[in-house]
Amino acid sequence: MTSFVPLTTVFPGLVWLMAALALLQGLRRAALWRVGAAAPVAWLDGLAKLPKRYLVDVHHVVARDAYASRMHAVVAGGLLAASILTALAILPPLAGFRPYWFVVALAFGVTAIGSLLVGARRYPAKQKRLSAGRFQILPFLLVAYAVGGTITALLLALRIDGLFAPLALALAAAGGLGLAFEVRHGPMRHAAAGALHLVAHPRPGRFEGRPDTALQPLDLDAPRLGSEMPADFTWNRLLSYDACVSCGRCETACPAFAAGQPLNPKKLVQDLVAGLSPAEPAYAGAPYPGGRAAQGERGALARLIGPDARIHPDTLWSCTTCRACVEECPMMIEHVDAVVSLRRHQTLERGALPEKAVGPVTELRQSGDPGGRPLSARTDFAAGIELPVMSERGGAEILLWLGEGAYDLRYGRSLRALIRLLREAQVDFAVLGAEERDTGDLARRLGDEATFQDLARENIATLAQYRFARIVTADPHALHALRNEYPALGGRFTVIHHTAFLLELIRAGKLNPGRLPDLSVTYHDPCYLARYNGETEAPRAVLDAIGVTRSEMTRSGKRAMCCGGGGGAPVSDIPGERRIPDLRMAQAAETGAGIVAVACPSCTAMLEGVTGRQAEIRDIAELLLQAVEAGR
Amino acid sequence: MIANADALLKPLTIKGLTIRNRVMSTSHAPGYGKDGKPQERYQLYHAEKAKGGIGLTMFGGSSSVAVDSPAAPWNQISVADDSVIPFFRQFSDRVHAHGGKLMIQLTHMGRRTKWDTEHWLPTVSPSPRREPASRTIPKEMEEEDIARVVKSFAQAARRCREGGLDGCEVSAAHGHLIDQFWSPSVNQRTDKYGGSLENRMRFGIEVLEAMRAEAGDDYVIGIRMSGDEMIADGLSQEDCVTIASEYAKRGLVDFLNILGGQARDHIAHAISLPNMSFPVAPFLFLPSAIKREVDVPVFHAQRVTDLATAARAVAEGHVDMVAMTRAHIADPHLVKKLSEGRADDIRQCVGAGYCIDRIYVGGDALCIQNAATGREATMPHEIRRADVRRRVVVIGAGPGGLEAARVCAERGHAVVLFEKSAQAGGQIGLAAKAGWREAMSGITRWLVAQVTKLGVDLRLNTEATEEAVLAEKPDVVIVATGGTPFRGHAKGAEQHAVTTAEVLAGAVEPTGSVLLYDEMGQHNAASVAELLAKRGCLVEIATHDRMIAEEVGTTNQPIHLRELYKLGVVMTPNMELIEVYPEGNRLVAALRNTMTDAEEERVIDRLVVEHGTLPVEGLYHGLKAASVNRGQTDQEAMIRGEPQPYDLSKGYALYRIGDAVAGRNIHAAIYDALRLCKDL
């Protein structure tokens with residue numbers, strides 16, 4: 001080559017230029033996050049843990065789609081390796097070392113293969129869950145950069161001069177600079193924002209192997225409550241939404257989306273992204289079901305929610321807070337936090353609860369029960385069986401928290417079974433009876449933080465009067481509130497789900513169930529038990545202990561599909577094309593099991609409400625009681 | 001799920017007594033009393049309801065507090081001395097063990113009983129006016145009698161409390177002594193116990209005050225009373241509301257158990273115990289009206305046979321507790337099934353009145369469709385699974401065959417059920433075609449639903465042949481082929497008579513003048529007479545008996561008679577059909593008066609006869625020779641509740657049940673099936 005600057009300098013220079021462009025584009029984007037509120041971030045800790053968070057936690061999610069995982073490893077690994085190696089070649093000893101260029105060529109070659117894998121997801125037809133738009137250009141940019149880079153590196157390795165080199169370099173430059181340019185508005189933003197998000201994640205606890213799922217208490221004296229516009233979110237939340245790679249895994253997992261309700265978590269996140277930036281390119285993924293396409297205002301101070309805004313209130317209220325989207329998100333975005341934050345503003349600042357939720361929330365505020373039922377009626381289900389009450393006993397080993405399910409005719413059966421099992425195992429237990437109030441779960445998920453905090457404080461004060469070692473509850477929603485959300489308000493209790501407690505009793509020999517091999521059972525994981533609390537094994541262990549023939553649904557454990565009963569969705573009752581519990585029961589039917597085992601009053605109510613179902617709905621406690629009776 | 005079901009499953013607290021739900025059984029007299037005591041049979045009958053989840057079960061309908069109100073006539077209970085207390089204790093322990101509450105009804109029947117039983121004491125009443133139902137003329141009570149009876153009530157209340165019963169009610173309904181004082185149709189006194197309503201209320205007030213003084217004011221005491229006597233010279237609805245409010249206001253009663261009507265004669269009795277010809281809950285408006293005026297809980301019973309009606313009655317606030325007495329006779333586990341989400345498994349009362357009709361002819365209360373009720377010591381309400389799974393073939397899906405298939409399937413056996421017609425139910429299907437008897441089909445509906453749920457291989461439109469039966473390689477064959485209607489012995493009947501069954505099946509459609517000759521005295525002829533009259537025929541119903549529908553009990557027969565009178569059907573008792581022959585295109589039927597032997601002739605268009613059925617037994621005889629037991633049921637083993645002693649390794653055992661043995665009734669067929677199959 002006869003040019004006055006040698007290719008060995010120009011080529012690394014290109015990569016440095018790309019880095020500079022990417023940095024510039026990234027900073028331009030990052031400037032927008034500054035409108036967000038301050039947030040405490042442990043920077044050093046986050047930075048130190050970034051490799052582990054990426055390689056372990058992110059990989060764990062990405063790997064669920066084996067193709068995507070391979071594709072990403074090859075293309076991202078290749079891209080990073082090839083770019084870094086090339087950038088390092090700015091050092092003359094490396095630039096002049098021919099085998100080094102072979103290695104660079106190899107890295108670009110790997111990137112090229114990865115680029116083809118990226119392209120194969122989008123051409124001839126893109127996978128349904130992926131977004132189109134600028135993502136459709138990504139494979140071409142990658143191929144250009146990788147192929148151009150491969151040829152350039154090979155030319156350098158083989159010391160071949162000629163016209164090829166500038167052409168190849170031009171190709172690499174087109175692709176490479178294009179990719180760098182895309183850091184601001186395009187697909188490559190996910191890499192930059194994603195990495196930063198892993199460092200500055202608002203829920204660092206989730207990387208420490210414990211469920212970090214509790215909603216944070218809202219300062220009710222703050223001048224603004226909840227989020228109305230992008231500027232109301234903390235900056236690292238705005239950052240997190242920018243990390244979205246529009247892969248659509250959340251969309252596939254979302255029960256409301258599946259039911260044709262007007263919610264698509266990907267579109268929701270992308271609306272938060274687009275709301276922030278007037279320059280954001282048009283969204284090119286699946287819309288909210290129902291065909292609504294309002295553009296609304298944009299900008300840091302733009303109103304996000306409203307009939308004419310980007311996000312319709314119905315979208316917000318369709319969410320069951322099941323966290324399936326969060327569980328599936330490879331970018332670790334916290335969709336449910338965003339939904340609740342937006343709901344808080346709607347409820348607390350605008351009084352704009354969905355029409356059908358006004359009654360239950362009002363009742364909750366006024367009488368401590370969403371049905372407006374007398375608190376003393378909570379124990380009606382147990383009339384005729386002895387039920388020790390704390391106010392008469394002063395204390396007991398176990399405080400049995402009954403929850404809202406106690407008012408439900410069907411669920412009373414499950415609680416009676418549980419009580420009979422506790423008696424059988426001679427557990428020293430008592431209930432709060434008329435002193436138990438709703439945990440406030442419904443109010444909190446519907447954004448009524450004030451009512452939640454009132455109820456929580458009343459319950460905490462009541463609980464403080466009595467001596468007990470642990471709280472047992474059959475309601476995962478109550479469990480979550482009591483175990484994970486009350487501590488922030490000063491209530492620290494050891495709370496255990498009834499399935500885990502029953503397993504303890506079996507293992508301690510206090511319950512001796514017979515075996516029920518004739519029963520074919522599939523277990524439906526409650527979201528608030530599996531995803532919110534990580535408990536997927538105890539219920540299965542109980543079922544195994546009673547010897548039922550157990551099968552798993554395609555979606556189970558932490559990836560199970562919601563019954564539709566969480567987050568106030570049943571009271572908001574946003575219409576869709578189908579019903580979530582119908583979809584779930586159809587999935588259960590695929591297993592051929594005659595019984596769907598449940599462990600949550602909401603799931604019981606939702607799944608029992610499915611018409612024409614073939615399978616019986618039985619709580620784990622009911623099945624265990626049957627086994628204990630069979631074992632006598 | 002039944003709408004408002006949760007309203008039924010809420011507890012009710014009365015003076016510190018918490019009843020676990022709003023479903024109860026009212027006091028009645030099932031005829032299970034023995035020597036005036038509620039002994040094992042009586043106790044187990046109520047304990048079964050408690051086991052089945054009932055909130056409150058009340059026993060001892062018309063339990064007597066004094067010797068001149070004898071317990072003997074309907075095998076009732078005497079609370080007239082302390083010897084009953086140990087039985088009460090045992091009884092209440094049995095019911096309490098299952099979480100139920102137990103109360104009794106105390107009464108003095110006044111004129112509404114017999115003087116010619118037990119102690120042969122004259123009946124007493126405020127005034128000496130004869131009651132048509134009991135046919136006694138009472139002695140007018142003197143003030144000393146009044147004081148004595150008041151004291152007897154008080155002592156009886158004490159015995160209830162000492163016996164561990166959760167409470168009691170006094171009966172002031174159906175024309176007992178207290179309401180004999182209330183009702184101007186009986187009370188014609190001129191002293192302080194007669195005349196004004198205030199005076200007429202006095203006796204009841206004295207009774208309740210004395211009971212409270214003796215048993216303690218914290219003891220639950222209620223009253224059963226009518227909300228409207230529905231007779232011209234009786235208590236009006238307004239009177240009843242006044243009485244109820246006054247007694248409640250004075251704190252004399254902790255609950256009011258309201259019913260409609262009275263029972264001084266046959267039709268009044270039938271109306272106060274409404275059968276299937278009535279709509280459900282026909283008198284719900286009466287307790288509802290009283291509930292508006294009082295602060296104490298209101299109970300009500302009267303043809304609340306289904307939980308949906310019961311739930312509505314409570315949810316809408318008409319009553320606080322709803323009594324489903326006959327519904328519990330049909331299925332004592334009704335509440336349990338509701339609360340377990342198995343409402344579809346409830347054997348619903350069809351309102352046949354078989355239970356109550358039996359007791360008024362001195363029998364014991366038995367359910368037409370549930371043969372275990374009242375036989376709890378020997379018959380299970382929940383069938384235990386067998387240790388060995390057998391192959392059972394049942395032939396005939398009438399009530400007997402269906403019950404046999406159900407019980408065998410509950411036992412865990414593989415059951416094939418052959419039925420040659422397109423529908424299951426056998427003769428019930430015919431009975432249900434006759435006017436207000438339609439609800440009989442509920443018996444079939446439940447049985448079919450159960451056998452279907454239990455996986456019985458029900459083969460409709462399939463006539464069982466010996467080959468088809470043996471092809472199933474059965475261990476047990478049960479022939480329940482039923483009976484075929486019989487035309488009787490009268491000369492010419494075989495050629496010229498048609499049967500009631502043929503009329504109901506639609507095989508013949510009589511027109512013009514019809515003579516219906518009945519030798520059974522059952523529902524069959526009476527209901528077909530009604531049906532034909534409604535279709536426009538001129539109907540005469542003749543019978544060998546002293547009256548029409550003589551075998552039909554007291555809650556059904558008056559309804560038949562009422563309808564037949566209304567339709568102008570000529571009723572001719574004491575006649576025997578001796579011959580029928582054609583004359584031109586008509587028939588001549590010859591009848592002979594059974595008392596005088598005088599013969600009469602009728603020129604008619606149709607002769608319809610009812611002679612019951614003869615067994616359909618061809619298949620039985622075909623299968624008999626090869627069976628290990630030659631078709632015989634070991635009756636003693638069956639009665640002892642032991643398995644039939646046949647070795648099934650050598651071949652199949654053959655049994656026959658129901659009308660296939662001898663024409664009887666639905667209960668007999670179902671009992672045959674249950675008691676045989678529970679041990680197979």
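Me: How many residues does the contact take from chain B, and how many from chain A?

Reply: Two residues are in contact if their C-beta atoms, placed from the backbone, lie within 7 Å. On that basis the contact takes 12 residues from chain B and eight residues from chain A. For classes, Ala, Val, Leu, Ile, Met, Phe, Trp, Tyr, Cys and Pro count as nonpolar, Asp, Glu, Lys and Arg as charged, and the others, Gly among them, as polar. The side of chain B that touches chain A has three nonpolar, five polar and four charged residues. The model is predicted: local features need pLDDT of at least 70 and side-chain atom pairs count only at pLDDT 80 or more, while totals for chains, interfaces and linings use all residues. Residues are numbered from 1 along each chain as its sequence is written, and chains are lettered from A and ligands numbered from 1 in the order in which they are written.

Me: Where does UniProt place the feature "transmembrane region" in chain A?

Reply: UniProt positions are given in the numbering used here, feature names are shortened, and annotations may be inferred rather than shown by experiment. The unreviewed UniProt entry puts this feature at residues 6–24, 73–94, 100–118 and 138–157 of chain A. To compare with the model, take helices (H or I, at least four residues) and strands (E, at least two) as DSSP runs, numbered from the N terminus. Residues 73–94 of chain A are 86% helix and 0% strand, with end C-alpha atoms 26 Å apart. Residues 138–157 of chain A are 100% helix and 0% strand, and their end C-alpha atoms lie 28 Å apart.

Me: Which peptide bond is cis, with omega near 0°?

Reply: The bond from Y123(A) to P124(A) is cis. P124(A) sits in the loop between helix 5 (98–120) and helix 6 (138–158) of chain A.

Me: At what angle do helix 9 and helix 12 of chain A pack?

Reply: Axes are lines fitted to C-alpha atoms, for helices over the stretch in contact, and angles run from 0 to 180 degrees between N-to-C directions. Helix 9 (residues 235–242) and helix 12 (residues 265–276) of chain A pack at about 115°, and their axes are 8 Å apart. From helix 9 of chain A, L238(A), Y241(A) and D242(A) meet V269(A), L272(A), V273(A) and L276(A) of helix 12 of chain A. Those contact residues divide into six nonpolar, no polar and one charged. An α-helix has 3.6 residues a turn, so residues three or four places apart point the same way.

Me: Which domains is chain A given?

Reply: Domain bounds come from an automatic or database domain assignment. For chain A it gives domain 1 (7–199), domain 2 (369–506) and domain 3 (510–630). The C-alpha centres of domain 2 and domain 3 of chain A lie 21 Å apart, and 32 residues of domain 2 of chain A are in contact with 31 residues of domain 3 of chain A. On the domain 2 side, the largest share, nine residues, comes from helix 18 of chain A. That side divides into 15 nonpolar, nine polar and eight charged residues.

Me: How is chain B divided?

Reply: Chain B has domain 1 (5–359), domain 2 (391–484 + 615–677) and domain 3 (487–611). Between the C-alpha centres of domain 2 and domain 3 of chain B there are 32 Å. Their contact takes six residues from domain 2 of chain B and nine residues from domain 3 of chain B. The domain 2 side has three nonpolar, one polar and two charged residues. The unreviewed UniProt entry also annotates residues 8–344 of chain B as "domain: NADH:flavin oxidoreductase/NADH oxidase N-terminal". Residues 8–344 of chain B are 35% helix and 16% strand, and the end C-alpha atoms are 17 Å apart.

Me: Why is helix 27 of chain A described as largely enclosed by the rest of the structure?

Reply: A residue is buried if 20 or more other C-beta atoms lie within 10 Å of its own, exposed if 12 or fewer, and partly exposed in between, with C-beta atoms placed from the backbone. Helix 27 (residues 601–608) of chain A is largely enclosed because eight of its eight residues are buried. They pack against helix 18, helix 21, helix 26 (580–590), strand 7 (595–598) and strand 8 (616–619) of chain A.

Me: Where does E118(B) lie?

Reply: E118(B) is in the loop between strand 5 (101–107) and strand 6 (124–125) of chain B. E118(B) has a positive phi of about 45° although it is not a glycine.
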